[in-house]
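Work through the exercises below with the model open. Each task is followed by its solution in steps.

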Amino acid sequence: QMPASNSIQDTLAIAHTIHEVARAFDEKLHLELLPQMFTDDAIVLYRLRGQRHDFSMPDGAAKVKDLHDLCYWTQHFVSPHVISIDGDEANARTPVHALHIQIRNDGSHNQWVLGAEYHDQLVRQDDRWRIEKRLAVIPYVEGDFLFDGVKMFPNLPDFDSENI
C-alpha cells in the first residue's frame, strides 16, 4: 500500500491525466497516449443522442482514432474539474466542449460541436492516476458527424504550410 500523497499533487496529476486524453484526441496520439491514461480494461461509454457508444479499452483507443481520422482538426476544451480523492481512488467531473472539423471531398467544411461532461473514476496505478471508467454524457450536439464523403486525416495537418 502506497502512502497517500499530497492532495494538491494528486489533484494536479488527475487533471493532467484528463488533459492528456484531450491532447491525445487533438494531436492524433490516440495509440501512443490513451493506453497510458486509461487502465488496460477501462470502461469508456459515451451517451449521444439517446444511443450508447462503447470505446472501452483496449480496443477503444483505435475506435476513437478511426473517428478522429475523419476529422481535419479537433479541439477538446476540458475544465474546470470537480475532483474528489479517497486514497488510491478518485472521481472527477469535467465539462468538455469539443469541436470537430471535417473536410468534405468537395473541399467544403463540416462542423460537429459537442457540449458534454466526463464522469471519470480513476485509480492510482504504478504511481500515476489512470481512468478506469469514463461515462461521457453529451446533452448538446450541433451538426452531424459525417462518416462518408470526407477526407481522411490520420495525422495532424502541417499548419505552417497549409491555408485553412
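Helices (H or I, at least four residues) and strands (E, at least two) are DSSP runs, numbered from the N terminus. This is a predicted model: local features need pLDDT of at least 70, side-chain atom pairs count only at pLDDT 80 or more, and totals for chains, interfaces and linings use all residues. Residues are numbered from 1 along each chain as its sequence is written, and side-chain values use heavy atoms, with hydrogens and water left out.

**Exercise 1. Describe the largest nonpolar core and the contacts of tyrosine 46.**

Step 1. A nonpolar core is a set of buried Ala, Val, Leu, Ile, Met, Phe, Trp, Tyr and Cys residues joined through side-chain atoms within 4.5 Å. Buried means under 20% relative accessible area (1.4 Å probe, protein chains only).

Step 2. Read the core. It has 37 residues, and Phe38 and Tyr46 touch the most other members. Elements giving two or more residues include helix 2 (30-37), strand 1 (38-48) and strand 5 (89-103). Helix 1 gives the most, six residues.

Step 3. List contacts (heavy atoms within 4.5 Å). Beyond its neighbours within four places in sequence, tyrosine 46 is in contact with Phe25, Gln51, Arg52, His53, Phe55, Tyr118, Arg134, Ala136 and Ile138.

**Exercise 2. Locate the largest cavity and classify its lining.**

Step 1. Define it. On a 1 Å grid over the protein atoms alone, a cavity is a set of points where a 1.4 Å probe fits but cannot get out; lining residues have an atom within 4 Å of a point.

Step 2. Size it. One cavity of 30 Å³ or more is present. The largest has a volume of about 60 Å³, the space filled by probe spheres set on the points.

Step 3. Read the lining. Among its residues are Phe38, Tyr46, Gly60 and Arg134. Strand 1 gives the most, three residues.

Step 4. Sort by class. Nine lining residues are nonpolar, one is polar and one is charged. Gly counts as polar and Arg as charged.

Terms used. Buried < 20%, exposed > 50% of the residue type's maximum accessible area, 1.4 Å probe, protein only. 1 Å grid on protein atoms, 1.4 Å probe; cavity = no way out; pocket = protein on both sides within 12 Å on 5 of 7 lines; lining within 4 Å.
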